[in-house]
Each structure stands twice: as structure tokens, then as C-alpha cells.
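Try each task before you read its solution.

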Amino acid sequence: MRRLTTGLARSGIGIGISIVCVYLVLRGVDLGQTASLLGGARLPWLALALVGVTADLFFRALRWQALIAPIKPVPLRRLSGYMLVGYLANNVLPARLGELVRSHYLGDREGISRSATLGTVVVERVVDTVVLVAIGAAAILVLNVRGVVVSAILVGVAIAGLLVVALAVALAAHRLPGASRIAAFLGRWPRVKGIALRLRDGLRVAALPRTVAASVVLSVAAWSCTVVAVLAVGQSLGIELTVGEGALLAAGTNLATAIPSGPGYLGTFEYAGQTIAAAFGLPAARGLALALLIHVLTLVVSSAGGVAALVRLGWTRRAAAALATPATPAATAAADDTAGAPST
């Protein structure tokens, strides 16, 4: 009952945030002009944008594969399916619950602890946030933008720093003062302690320099594809964007999706896109058309991929015993470096 109540509260807050953002987006906008712009979008540029979005998803799948590999290698074809199913869930569920869905899905079907899988997703989110903030900050310096956009990016910088510190603390928790007493306290609830230890198993991939470096490089590649998609969408609407403007739009709109909101990040994405476009001098109607078309293309591609993956893979749990494999040497080395004793 408590979980249900918490879930409903979180969903309600997310939907409420989306409603407020939608109101702010539509306030004072000429919807007729927005519709006219969308209706006149040029298809060849939209095709290029679709290629960019698809390539972005490909690099994201490679990144997750790199993060999962130290725990257990998973073929890219299956892993990309699990990721897309999670993205599909994000598109239809509020408050980014799709991250839990893909962790559960991969864990059950590959014989990996769901908590450990969630740990790799946490590391992925931290890396993604750091790269996005860096892209946004670089774009602001190049464009010399002022106002609320700069404030938002500065908040993002602070949040990224806090996430990195929190991840470092989680990895070194066993060495901190009072760690033994906390471990003894958690020992009263073996199930909770087991979940915490398995979650840390997933977080330990952040202690592997090569894995983190690969994740950063793949993140940059993914967001580069997203910038190409944003520029192509602008061209399709007759809006000439510089690379810096496209990068800031890509970074800002996607940072906004970190805010718990309704299904598919409705409202938060559009509000961020419209606000950033206004900083470039674009009217509200044009900014809304640009943000809306980028958002729709992203949702369509990820949702179609998620449906196809769910049909191909099915939802039935696979036999974990047949799939389970020992930890790889890399995972063992990370465990030795970051923990005094192996977790159970």
C-alpha cells in the first residue's frame, strides 16, 4: 500500500508539473502560426532528422552495453531491445519510470540482479548529465547568451557536480567513518542490505576508467547525432540554426526531461525548447513549432522501436539459471578495488 501511495504521489506531481508547463508554453502563442509552420515542414530535412535520432539511439545502446559488460556481456541486439522498451515506458508513464522498467526487463531476462542493472543506469544518467551540461555550457560561451537560460545551465552544472560527488560517496561508502555501524544497522533487514549491495555492484562500473571513458565518448557521439537532428528539424521549418544554437537546444531540452513530469516529458520539453529559442530571438510560435517537432520525432522513433522490441523479445521472463554467468575479470577487479569484501 505504501509503495502504491508513493507511486501515485510521484505520478501526480509529475503530471502536475507537465500541466503547468503546457500552460506556460501555450500562453500568448499564435497556435495558427505554429500549425502553419508544422504543416509546411520539408520532408527531406525531416528524413535526415530521423536518421540523426536513430543514430543517437544506436550510440546509447552501445553505451549501456559498455556499462553492463563488466557485470555480464549482453549482445547488442537484445540489449538495445531492453533499452527501447524502457524508453517506450518513459513515453507512456510519468516521472521517468521507464528507467526502472528497463532495469527490471534486462535483469529478469539476462539473469542479472535488477538492482545491479539499475546501478548501471544510474551511472549512465550521471555521465549523460555531465556531458549534457558540458555541451550546454560550451554553447552558452560561444553564443554569449544571457538570462534564464544561463541560470538553468548553471543549476545543471551544480546538479551534475552533486551527482558526481554522490556517486563517489556511494563507491567509497565502506571506507567512510561509521560505515561498519551502518552496515550492522542494515543487517537487521537482510533484504534491504542485499538490495543495497547489489545496487553498489552496478555502481562499481564507475570505478573502471576504460568503461567510463567509453561511456563518455559514446555519450558525445549520441548527442552529436541529436544536434544534427535538431539542426535538420530547424531547416525543415525554415529556421536557420547555428551549430551552437542546435547544441544548446539539444542540451537544454533534454536536461529539462530530468524533471519528473507527465508521460513523454510532455510540457517540460516544449517549455525548455521555447525558452531557449526565445533567447535566439525566435518568436514564441516558431520556438514552439521547433520544440514540438523535435519532441514528436524523438517520441515516434523511440516508441516505434520499443513496440518492435517488445514484440520481438516478448515480456515472458527467461530462465535466469540458464542465463546467469560468473562476473567478468573486470567486474572482479573493480570489486576488489572498491570494497573490503565481496558482496553477496
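**Exercise 1. Find out how confident the predictor is along the protein chain.**

Solution. Start with the average: this is a predicted model, and its protein chain has a mean pLDDT of 86. Next, check the share of residues at 70 or more, which comes to 84%.

**Exercise 2. Describe the overall make-up of the protein chain.**

Solution. Count the elements first: there are 15 helices and zero strands. Now turn to burial, where 47% of the 344 residues count as buried. Finally, take the contacts between residues at least 6 apart in sequence: 78% of them join residues at least 24 apart.

**Exercise 3. Work out how α10 and α13 are oriented to each other.**

Solution. Locate the two helices: α10 covers residues 209–236 and α13 covers residues 284–313. Their axes lie 10 Å apart, and the packing angle is about 125°. Angles over 145 degrees would be roughly antiparallel, and 65 to 115 roughly perpendicular. As for handedness, α10 passes α13 in a right-handed crossing.

**Exercise 4. Which residues of α10 and α13 meet, and what kinds are they?**

Solution. On the α10 side, pick out Val230, Val233, Gly234 and Ser236. Their partners in α13 are Leu290, Leu293, Ile294 and Leu297. Sort the residues of this contact by kind and you get six nonpolar, two polar and no charged.

Key:
Residues are numbered from 1 along each chain as its sequence is written. This is a predicted model: local features need pLDDT of at least 70, side-chain atom pairs count only at pLDDT 80 or more; totals for chains, interfaces and linings use all residues. Side-chain values use heavy atoms; hydrogens and water are left out. Axes are lines fitted to C-alpha atoms, for helices over the stretch in contact, and angles run from 0 to 180 degrees between N-to-C directions. Helices (H or I, at least four residues) and strands (E, at least two) are DSSP runs, numbered from the N terminus. Angles under 35 degrees count as roughly parallel, over 145 as roughly antiparallel, 65 to 115 as roughly perpendicular and the rest as oblique. A crossing is left-handed if the near helix is turned anticlockwise from the far one by less than a right angle, and right-handed if clockwise. Contact means heavy atoms within 4.5 Å. Ala, Val, Leu, Ile, Met, Phe, Trp, Tyr, Cys and Pro count as nonpolar, Asp, Glu, Lys and Arg as charged, and the others, Gly among them, as polar. pLDDT is the predictor's confidence in each residue, from 0 to 100. Buried means under 20% relative accessible area, exposed over 50%, partly exposed in between (1.4 Å probe, protein chains only).
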